[in-house]
Amino acid sequence: MILPKVDDCIALFLGSSETYKMELMKEPGTYYLTKGWIECGGDALAVLNRQHEWTRHLDEKTAEWFAQEMVKNYTRLGLIDTGGYDINEFIAQKVASTFGQDLKL
């Protein structure tokens, strides 16, 4: 078993704790994304889109407040290229699917 000496998985994706700390100092409000995180619905847009699901347990105003609170301190999105996929193709596919168009690469 390998136990990396990092405080956060983002440090693993960025290559080291030092790189992560440098990025954190430079842009503390960064929401980091990977292809896997986006595909599992862990991105900030998914949080906002799930707001309607929370109305089963919360009133609409509280659900909206909760969603906004979860993303309010982020000022930058960082897509991490893990090298496990073609990042340009992935971005193109996400853009095409967002706009409901067939992707032609």
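The legends below describe close-up views of a predicted model.

In this predicted model, local features need pLDDT of at least 70 and side-chain atom pairs count only at pLDDT 80 or more, whereas totals for chains, interfaces and linings use all residues. Residues are numbered from 1 along each chain as its sequence is written, and side-chain values use heavy atoms, with hydrogens and water left out.

**View 1. Overall arrangement of the protein chain.** The protein chain contains 7 helices and 2 strands, where helices (H or I, at least four residues) and strands (E, at least two) are DSSP runs numbered from the N terminus. Along the sequence these elements follow the pattern α-α-β-α-α-α-α-β-α. Of the 105 residues of the protein chain, 29% count as buried; buried means under 20% relative accessible area, exposed means over 50%, and partly exposed lies in between (1.4 Å probe, protein chains only). Among contacts (heavy atoms within 4.5 Å) between residues at least 6 apart in sequence, 46% join residues at least 24 apart.

View 2. Ser17, Tyr20 and Glu23 are buried in α2. They cover an arc of only 125° around the axis, which puts them on the same side of α2; the arc is that of the directions from the helix axis to the C-beta atoms. The face of α2 turned away from its buried side carries the exposed residues Glu18, Met22, Met25 and Lys26. The cover over the buried residues of α2 includes α1 (9-14), β1 and β2 (76-79). Ser17, with a relative accessible area of 16%, is buried, and it touches Lys5, Val6 and Ala11 when residues up to four places away in sequence are not counted.

**View 3. Aromatic pairs.** A search of the whole structure finds 3 aromatic pairs, for which rings of Phe, Tyr and Trp (its six-membered ring) must have centres within 6.5 Å, with planes under 30 degrees apart counted as stacked, over 60 as edge-to-face and the rest as tilted. One of them joins Tyr20 and Tyr32, whose ring centres are 6.2 Å apart and whose planes stand at 70°, so the pair is edge-to-face. Because Tyr20 lies in helix α2 (residues 17-26) and Tyr32 in strand β1 (residues 30-33), this pair ties together parts that are 12 residues apart in sequence. Both Tyr20 and Tyr32 are buried. The rings of Tyr85 and Phe90, with centres 5.8 Å apart and planes at 65°, also form an edge-to-face pair, and Tyr85 and Phe90 are each buried.

View 4. The 12 residues of helix α6 (residues 60-71) should span 16 Å at 1.5 Å a residue, and its end C-alpha atoms are 17 Å apart, which agrees; the expected span is 1.5 Å times one less than the number of residues. Ala63, Ala67 and Val71 are buried in α6. Seen down the axis of α6, its buried residues fall within an arc of 60°, so they line one face of the helix. The face turned away from the buried side of α6 carries the exposed residues Lys61 and Trp65. Asp59 caps the N-terminal end of α6, with a side-chain oxygen 3.2 Å from the backbone nitrogen of Lys61.

View 5. A search of the whole structure finds 0 disulfides, a disulfide being a pair of cysteine sulfur atoms within 2.5 Å. Cys9 is partly exposed, with a relative accessible area of 45%, whereas Cys40 counts as exposed at 69% relative accessibility.

Notes:
Polar contact = N/O pair within 3.5 Å; in protein donor to acceptor, adjacent residues only side chain to side chain.
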